[in-house]
Amino acid sequence: MTVSNAARGVGTNWAGTYTFTAKRLHYPRTLDEVREIVSRSPRVRALGTRHSFNDGADNDGDLVSLADLELDPVIDPAASTVTVAAGIRYGVLASYLQQNGYALHNMGSLPHISVAGAVSTGTHGSGDTSGNLSTAVSGLEIVSGRGAVISVTRDDRDFEGMVVGLGALGIVTRVTLDLQPSFDMRQDLYDDLPWDTLLGDVAAVTSSAYSVSLFTNWLGESLERVWMKTKLERGEPSTMPEVLFGAHRSSIEREADYDNITVRGGVPGPWSERLPHFRLDATPSHGDEIQTEYFIDRSNAVDALGALRAMGEQIAPHLRVAELRTVASDSLWMSPAYGRDTLGIAFTWKNEPDAVARLATLIEAALAAYDPRPHWGKLFAMDAAAVAPKYERLADFGALADRLDPDRQFRNEYLERVLGI
Ligand SMILES: Cc1cc2nc3c(=O)[nH]c(=O)nc-3n(C[C@H](O)[C@H](O)[C@H](O)COP(=O)(O)OP(=O)(O)OC[C@H]3O[C@@H](n4cnc5c(N)ncnc54)[C@H](O)[C@@H]3O)c2cc1C
């Protein structure tokens with residue numbers, strides 16, 4: 001086991017926009033080493049690959065990274081599942097699964113994130129009938145309060161409360177995920193989708209491929225780009241039109257400038273290299289950025305998008321890009337898609353903390369009528385008083401955390417501020 005140099009501190013999140021206050025960062029190699037750290041630390045939390053934009057993972061004591069945990073993925077062909085060490089990155093897992101003839105149902109835009117860090121915050125890709133990444137979890141091993149090890153599966157009573165756990169229940173050491181047979185996909189990019197066409201029938205657009213992402217700067221009469229990921233039936237020829245919903249094939253399908261994104265232009269390829277937007281071997285997104293994201297019931301899409309378009313002139317100067325994606329409803333207590341088919345409205349901002357904080361408050365006010373839930377891993381202004389009414393199982397989640405973590409070893413300022421637990 002290695003421990004980071006305390007004198008240098010733990011460092012920052014991936015974007016460099018948040019500096020951790022924790023004193024030590026541990027890299028255990030075995031389950032027993034994780035238990036040992038938890039047994040002796042009064043303040044301890046898991047750290048994933050640091051791709052969140054807030055203080056969710058932080059505390060004033062010990063952080064534990066599972067990046068070095070020794071465990072090769074174990075595929076169970078009969079159950080169609082894979083069990084992995086919690087710190088494995090999605091991109092590494094995806095290529096392993098592809099080589100073995102299996103697939104995950106979806107991935108986030110970046111393959112760089114850890115499995116446990118992603119499922120703990122309800123990270124999602126896109127697709128009208130596709131749940132977020134947490135919905136693929138069928139089993140967890142957690143080192144909980146005082147170093148106790150618990151293993152749970154979907155049959156356990158509180159399982160649905162444990163998956164989107166926000167690190168509050170302990171350190172997830174193993175995750176079991178549902179698999180399906182490997183499949184091929186193609187990606188096609190289109191430019192200038194008229195807002196009127198989208199708002200005329202949002203579902204027609206978002207259901208027109210396995211995964212649809214819509215990019216906008218909130219100005220003008222068209223959205224800048226549509227990104228479609230289509231599942232291919234083996235052996236079947238596949239074509240996509242030059243014009244789709246009034247949008248035209250994008251010129252960036254051919255430009256080498258966009259080399260951090262996965263292969264587009266309709267070229268067939270494995271799911272593992274088409275579902276993520278970004279390539280594992282390149283820097284995703286921009287790097288120098290802040291992200292915020294809100295989830296609303298899809299039935300409110302037209303009105304909520306209208307409210308945001310009305311703020312276009314305020315938003316655009318500070319924005320890099322906004323992305324709209326769909327997520328299927330689920331029953332995980334703390335999932336942002338709990339109980340409702342969801343539209344995710346994500347903002348990638350320039351690294352301008354003051355402007356982003358101001359705009360987050362304004363956007364939350366503009367969306368208030370549509371009951372927005374924040375992305376747990378991104379920046380938001382809402383506090384526990386605003387968040388609590390949005391999660392009907394929050395009290396159960398708090399009780400679960402009290403039971404598994406009687407000494408409050410995993411609690412931090414974020415959980416108190418945002419959930420009041
Ligand atoms: C460029 C970029 C693109 C992104 N794209 C998307 C996207 O497409 N969709 C989306 O939904 N989000 C997206 N995000 C947000 C990101 O997916 C989430 O913030 C995710 O939680 C990051 O995972 P991580 O491994 O970095 O976890 P961290 O940020 O390190 O930790 C997140 C939380 O998980 C907890 N945690 C981590 N590991 C464990 C563990 N082993 N046991 C218990 N708790 C644990 C931490 O304590 C913390 O509370 C993006 C972020 C970036 C920077």
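Predicted model: local features only at pLDDT ≥ 70, side-chain atom pairs only at ≥ 80, totals over all residues.
**The shell around the ligand**

Select the ligand and the residues that surround it, 38 in number, of which the closest are A46, H51, S52, S114 and R325. Colouring by secondary structure, you can pick out β3 (44-47), α3 (115-119), β10 (171-178) and β18 (289-297), each of which supplies at least two residues of this shell. Colouring instead by domain, you will find that domain 1 (74-182) and domain 2 (184-382) each contribute at least three residues to the shell. By residue class, the shell divides into 14 nonpolar, 19 polar and five charged residues.

Select S52 next, one of the closest residues, and display the distance from its side chain to the ligand: a polar side-chain atom lies 2.7 Å from a ligand oxygen atom. Moving to S109, look at the backbone, where an N or O atom is 2.8 Å from an oxygen atom of the ligand. At S120, return to the side chain, in which an N or O atom is 3.5 Å from a nitrogen atom of the ligand. If you now show the surface, note that the protein covers 98% of the 970 Å² of accessible area that the ligand has on its own.

**Two loop residues with positive phi**

Most residues other than glycine have a negative phi. Select R146, in the loop between β8 (137-143) and β9 (149-153), where phi is near 65°, a positive value in a residue other than glycine. R146 counts as exposed, because its relative accessible area is 52% and the cut-off for that class is over 50%. Go on to F245, in the loop between β15 (243-244) and β16 (247-249), which also has a positive phi, near 50°. F245 is partly exposed, with a relative accessible area of 31%.

**A buried loop residue**

Finally, select A328, which lies in the loop between β19 (319-327) and β20 (342-350). Is A328 buried or exposed? It counts as buried, because its relative accessibility is 10% and the class takes in values under 20%. Leaving aside neighbours within four places in sequence, display the residues in contact with A328, which include G127, D128, T129, S130 and G131 as well as R298, A337, R340 and D341. For R298, a C-alpha to C-alpha distance gives 9.6 Å from A328, across a sequence separation of 30 residues.

Conventions
Residues numbered from 1 in each chain as written. Heavy atoms only, no water. Near = heavy atom within 4 Å. Polar contact = N/O pair within 3.5 Å; in protein donor to acceptor, adjacent residues only side chain to side chain. Areas by Shrake-Rupley, 256 points an atom, 1.4 Å probe, with all protein chains shown as cover. Helix = DSSP H or I, 4+ residues; strand = E, 2+ residues; numbered from the N terminus. Nonpolar A, V, L, I, M, F, W, Y, C, P; charged D, E, K, R; others polar. Domains from an automatic or database assignment. Buried < 20%, exposed > 50% of the residue type's maximum accessible area, 1.4 Å probe, protein only. Contact = heavy atoms within 4.5 Å.
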